[in-house]
Amino acid sequence: MMNSFGASLFVLLGVLFGSASAHAVEAKLTADCLDKSRVEVLTKEFNIVTKGEATFNRCDPSTRTYRLLQALMYLQDLKLEAFRTSEFNNNFIDERPFDFFKARTRNIVVEPQGGCRKGYIAYVQMGEETQGLIHICDISNQSVFQISSTLLHEVRHLDPKDYAHIGCTHGMLMGSSGACDARYEDGGSYAIGAEFYVKLARSKNVDPVIRQEARASAVSVFQNSFNQYPLGLKQGALLKATDGRFAFYDGDALRKFPMEAAPHSLMVARIRVPTLFNRDDSSVKSYNFGARMVDTKGVFADEFRNRMSYTQQKSLVDIAYGVNYDCKLFVRSIVCETENGKTEKMLPDYKGMGLVSSKWTVSLQKGTLYLSADNGYLYALPDKFEDFQKMAPKDWKRSPGIYHTKEVAFWDINTDIVLTNDGKIRFYIKESKSWETSKMLTPYTFESMIAPYIWSEKLEDL
Ligand SMILES: [Zn+2]
């Protein structure tokens, strides 16, 4: 077997990166054994090589091979509805996605733990197309329908037409090489995956929970995986005004945003999905391009609903889902946690105004989580959770100057969008080191902002 990465001869055609999805259904590891005869049929139909596993246990759902076979069976059983071609659906795949898969591949290599680069879900390597070979990496955090989509994505790379990826110019994987396609209508691998999600979401015979999850997955691919935005999507900022109303600003226009007015709600981005923590009824709901908000899953949502007192809810200022750890900021304290622990720090002589996560901004250090204080300074929280646990707040690095900013975010490669402590939007231009305002936004006062946020009204029709 060829070395996957050492040989420079082999250029990757396409890699599917794992990106945490706030809407991913948690993988349910039930102890159901896979049907013996169906496993036999599938392993005859495809040459499945499991590296690093001597024998395959069809009753062990923790293995990659189990999950692969489970997804193949799901695809085998799946009959989607027939849909007319539209902006949402190009009919690259038909009602039987399994046929699309089967027509393109014969060989599947299941890589062992550590056999792929970090973050890879699956990949196809140039030079192996004639063997119809795909590699499976870490699919443990994917639900069955997502693994199915991954499989369809990968086999598209095996088509004679070169469907290799290009670098992303925006979105969650901005700057990553080989992680996007140019356009949805070109029918590359991301288009195949997205179309599969669209069809799942729209097929009435599909399980309603999967339909909802598939819709969220489709939205995420449309927002992040095509350099030319499909479906009229634009990048801008989602703003919550002090009166509880929401607006979307894209640089040219300020539009009413279809989220329910909720004056006593805290708006935070949960992996870029707008989420409202409502202090009036202890609900936590997310907007995902639909008329109805959906109940948010996850640890913080659960804690807010069930275990926070009204006083705690009221003093909750911001939530940040960081790279190394997650934090809740209260007026007088900050609580940060990982899977392994939780630590609370009292704030010294200032109040918390917001948490600023600085990926891609031009004015702050990239990748650092900052605490914005009412004294105008930003405090850089330590990169590692262990250091957060050890360090006293007085030792956090304070910004050299006064910022007075609750939120700082990427606007474009040369500009930051900033929400000031007194609720105004400003733009910081790197080249001229100057500040600009927008006439359209000047009359309003805002409480919070999610940026960059990618939105179009049309996507609500998904
Ligand atoms: Zn790919």
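Figure 1. The place of lysine 433 is in the loop between strand E23 (425–429) and strand E24 (434–436), where helices (H or I, at least four residues) and strands (E, at least two) are DSSP runs numbered from the N terminus. Its phi is near 50°, a positive value in a residue other than glycine. Residues are numbered from 1 along each chain as its sequence is written. Because this is a predicted model, local features need a pLDDT of at least 70 and side-chain atom pairs count only at pLDDT 80 or more, whereas totals for chains, interfaces and linings use all residues.

Figure 2. Leucine 231 belongs to the loop between helix H6 (208–224) and strand E6 (234–241), and its phi is near 55°, a positive value in a residue that is not glycine. Leucine 231 counts as partly exposed because it has 19 C-beta neighbours inside 10 Å. Asparagine 375 lies in the loop between strand E18 (369–373) and strand E19 (378–380), and with 14 C-beta neighbours inside 10 Å asparagine 375 counts as partly exposed. From C-alpha to C-alpha, asparagine 375 and tyrosine 403 are 9.1 Å apart in space, while 28 residues separate them in sequence.

**Figure 3. The open sheet formed by E9, E10, E11 and E12.** Four strands make up this open sheet, in the order E9-E10-E11-E12, and their pairing is antiparallel; two strands are said to pair if DSSP finds at least two bridges between them. Strand E9 (265–270) and strand E12 (294–295) are the edge strands, each pairing on one side only. Six bridges join E9 and E10 in the antiparallel sense, and within this pairing valine 268 has threonine 275 of E10 as its bridge partner. E9 and E10 form a hairpin with two residues between them, and in the turn isoleucine 271 has a positive phi of about 50°. Strand E11 (residues 284–286) pairs with E12 over two bridges, again in the antiparallel sense, and the partner of lysine 285 in E12 is aspartate 295.

Figure 4. E9 is mostly covered, as six of its six residues are buried. Ser265, Met267 and Ala269 point one way from the strand, whereas Leu266, Val268 and Arg270 point the other way, and all are buried.

Figure 5. The buried residues of helix H7 (residues 299–306) are Phe300, Ala301 and Phe304. These residues cover an arc of only 100° around the axis, which puts them on the same side of H7; the arc is that of the directions from the helix axis to the C-beta atoms. The exposed residues Val299, Asp302 and Asn306 are carried by the face of H7 turned away from its buried side. The buried residues of H7 pack against strand E10 (273–278), E11, helix H8 (310–315), strand E13 (316–321) and strand E14 (326–330).

**Figure 6. The cis peptide bond at proline 452.** Alanine 451 and proline 452 are joined by a cis peptide bond, with omega at about -10°. Proline 452 is found in strand E25 (residues 446–455).

Figure 7. The protein chain averages a pLDDT of 90, and 93% of the residues score at least 70; pLDDT is the predictor's confidence in each residue, from 0 to 100. Over residues 1–11 the pLDDT stays under 50, and for this stretch the model has nine contacts beyond four places in sequence, a contact being a pair of residues whose C-beta atoms, placed from the backbone, lie within 7 Å. The pLDDT is also below 50 over residues 19–29, a stretch with 24 contacts in the model beyond near neighbours in sequence. In the protein chain, buried residues make up 39% of the 462 residues.

Notes. A residue is buried if 20 or more other C-beta atoms lie within 10 Å of its own, exposed if 12 or fewer, and partly exposed in between; C-beta atoms are placed from the backbone. Two residues are in contact if their C-beta atoms, placed from the backbone, lie within 7 Å.
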